[in-house]
Structures are given as structure tokens and as C-alpha cells.
Amino acid sequence: MRIAIISDIHGNLEALSSVIFDTRSRNVDKIVCLGDIVGYGANPNECVEMIKTECDFCLIGNHEAAVFDDSISREFNDFAQYAINWTRENLTKKSAIYINSLSMSQIFDNFTAVHSTPYEPHLWYYISSVEDAIFNFNFFRTKFCLIGHTHVPGTIVLEENGNISVLQPKTFNYGADFPESAKFIINVGSVGQPRDRNPKACYVIIDTDEKELSFLRVSYDVAQYQKKMRNAGMPEFLIMRVAEGS
């Protein structure tokens with residue numbers, strides 16, 4: 001089976017459309033979304049509709065949760081708060097009902113899927129260091145844990161002997177390169193708001209037959225997305241960082 005995992009779309013219809021189009025040329029059997037469909041971008045409803053149509057399931061992210069919970073949005077910086085307030089005002093009832101139906105985590109096959117961390121996923125902690133990863137390996141029993149949230153792609157591997165590997169976002173064969181007992185935390189990066197100095201949309205395909213994991217980058221019309229953000233009155237900081245991948 002070939003599974004595509006996407007995350008952190010953030011209302012970026014141009015990036016999401018390009019990624020979905022890309023999956024169609026790669027014989028993908030299933031598409032999974034790890035959340036944050038909305039926030040920052042000007043097409044939350046269109047992105048929600050595309051996720052509903054194209055994905056086998058989607059999880060709730062902190063930006064979805066913040067739409068309905070002021071205590072979460074108050075933790076955001078001023079730019080993100082502005083974007084969430086705009087999203088609240090422009091989200092349709094149909095989109096809101098769908099977002100409210102999303103689960104916090106899901107286990108399928110040999111995968112644990114969450115937006116933030118397997119430890120207390122509703123608290124929206126980050127895995128942004130090896131130390132964070134080592135702690136979180138204790139909180140899932142499957143071989144793989146799929147996450148987003150930081151917008152920075154990469155893989156951290158824990159072997160049974162305690163050896164830790166930090167892998168760059170690239171293609172590798174987890175069956176040949178690591179022992180069968182190894183566990184993986186895979187950050188799939190961001191479709192709509194990459195923050196690894198590469199503005200191209202990022203997502204992951206896992207081939208469970210070939211035991212191959214690939215990080216893929218897809219170009220999209222950044223200028224069109226920025227134009228929509230500007231027309232919606234989004235802060236210039238949010239608009240500029242999209243082109244920088246920061």
C-alpha cells in the first residue's frame with residue numbers, strides 16, 4: 001500500500017491542489033491529513049472541502065481547535081490570532097461542522113497519527129528536539145508515529161539498543177536501513193506553510209510493500225496565494241514568510 005500523509009495546509013488552496021494533483025501521478029492508495037487545514041490562508045472552506053473529498057481521514061490540528069476555543073488562540077502570536085479571528089468570521093457552517101467532527105488521533109495499520117505529539121495531543125506540545133522525541137517514543141506502540149505541527153520535516157529513529165538517528169527529509173528504505181524493531185517519529189512537514197527554508201509544499205509517501213519512505217516537494221503558485229492573503233488583509237509578516245519557507 002502507498003499512503004500519502006499531508007499536514008498543515010493552512011488555507012493554502014494553491015499548495016493543496018498541487019499536492020493532491022501530485023499524488024495522482026504516484027499511484028497512492030490512501031491520503032491521510034494530520035490537521036491544520038485552516039489558519040493563515042484565505043481559502044479555509046475550499047481546503048476543507050478538498051480534504052473531505054480527497055482524504056481517507058483527517059485529524060484536528062491546533063488551528064482548527066482554536067477556531068472554537070479562545071483559550072487556545074490566546075496562546076498564539078498576534079499574527080496567528082489575527083488569522084484565526086478572520087477564519088472564524090469566514091468559515092461556513094458546513095466547514096465548521098466538519099472541523100468539529102475531527103478526532104485528535106488515530107491508529108491504523110502500524111501507524112499512530114497525531115497532529116502534535118502522541119503524549120497529550122490535545123495540549124499541542126511540539127517535538128522540536130531529540131530530547132522531545134525520546135520522551136514521546138514512550139507514548140505510542142506502533143512502529144510509526146506521524147506528526148506535523150512544527151512545519152519542519154524529518155525523521156527520528158529509535159533502535160532497540162537505544163541508538164537514535166536523526167534523518168534529513170529524503171527517501172530511505174526503513175526495512176533495509178534499520179532493524180525490524182526500530183520505531184520512527186516522522187514529521188511530514190507542511191503543505192501550505194513550510195518552515196525549513198524551502199517554500200515548496202512538503203508531504204510524505206510511505207510504501208508499506210517496498211518499505212520505502214519518501215519526502216516530496218511540490219511547486220505551486222506562491223504569488224497567487226500571497227495575493228489572496230493580501231486581499232484578505234493578512235499581516236505582511238505571514239505573507240512574506242510563505243515565499244521564504246520560514
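Me: Helices (H or I, at least four residues) and strands (E, at least two) are DSSP runs, numbered from the N terminus. In which helix does Arg241 lie?
Reply: Arg241 is part of helix H10, residues 236-244. This is a predicted model: local features need pLDDT of at least 70, side-chain atom pairs count only at pLDDT 80 or more, and totals for chains, interfaces and linings use all residues. Residues are numbered from 1 along each chain as its sequence is written, and side-chain values use heavy atoms, with hydrogens and water left out.

Me: Why is Arg241 said to have no salt bridge?
Reply: A salt bridge needs a side-chain nitrogen of Lys or Arg within 4 Å of a carboxyl oxygen of Asp or Glu. Lys and Arg count as positive and Asp and Glu as negative, while His and the chain ends are not counted. For Arg241 the nearest side chain of opposite charge is Glu244, 6.7 Å away, so there is no salt bridge.

Me: Which residues is Arg241 in contact with, leaving aside neighbours within four places in sequence?
Reply: Gln193, Arg195 and Ser246 are in contact with Arg241, contact being heavy atoms within 4.5 Å.

Me: Why is H2 called oblique to H6?
Reply: The axes of H2 (residues 44-54) and H6 (residues 93-100) come within 10 Å and cross at roughly 50 degrees. This value makes H2 oblique to H6. Residues that meet include Val48 and Ile51 in H2, and Tyr98 and Ile99 in H6.

Me: How do you know that Tyr40 is buried?
Reply: Its relative accessible area is 7%, so Tyr40 falls under the cut-off for buried. Tyr40 is in the loop between strand E2 (30-33) and H2, with a positive phi of about 80 degrees although not a glycine.

Me: Why does Trp124 count as buried?
Reply: Trp124 has 11% relative accessibility and therefore counts as buried. Trp124 is in the loop between strand E5 (111-114) and helix H7 (130-136), and its phi is positive, near 60 degrees.

Methods:
Buried < 20%, exposed > 50% of the residue type's maximum accessible area, 1.4 Å probe, protein only. Axes fitted to C-alpha atoms, helices over the stretch in contact; angles between N-to-C directions. Parallel < 35°, antiparallel > 145°, perpendicular 65-115°, else oblique.
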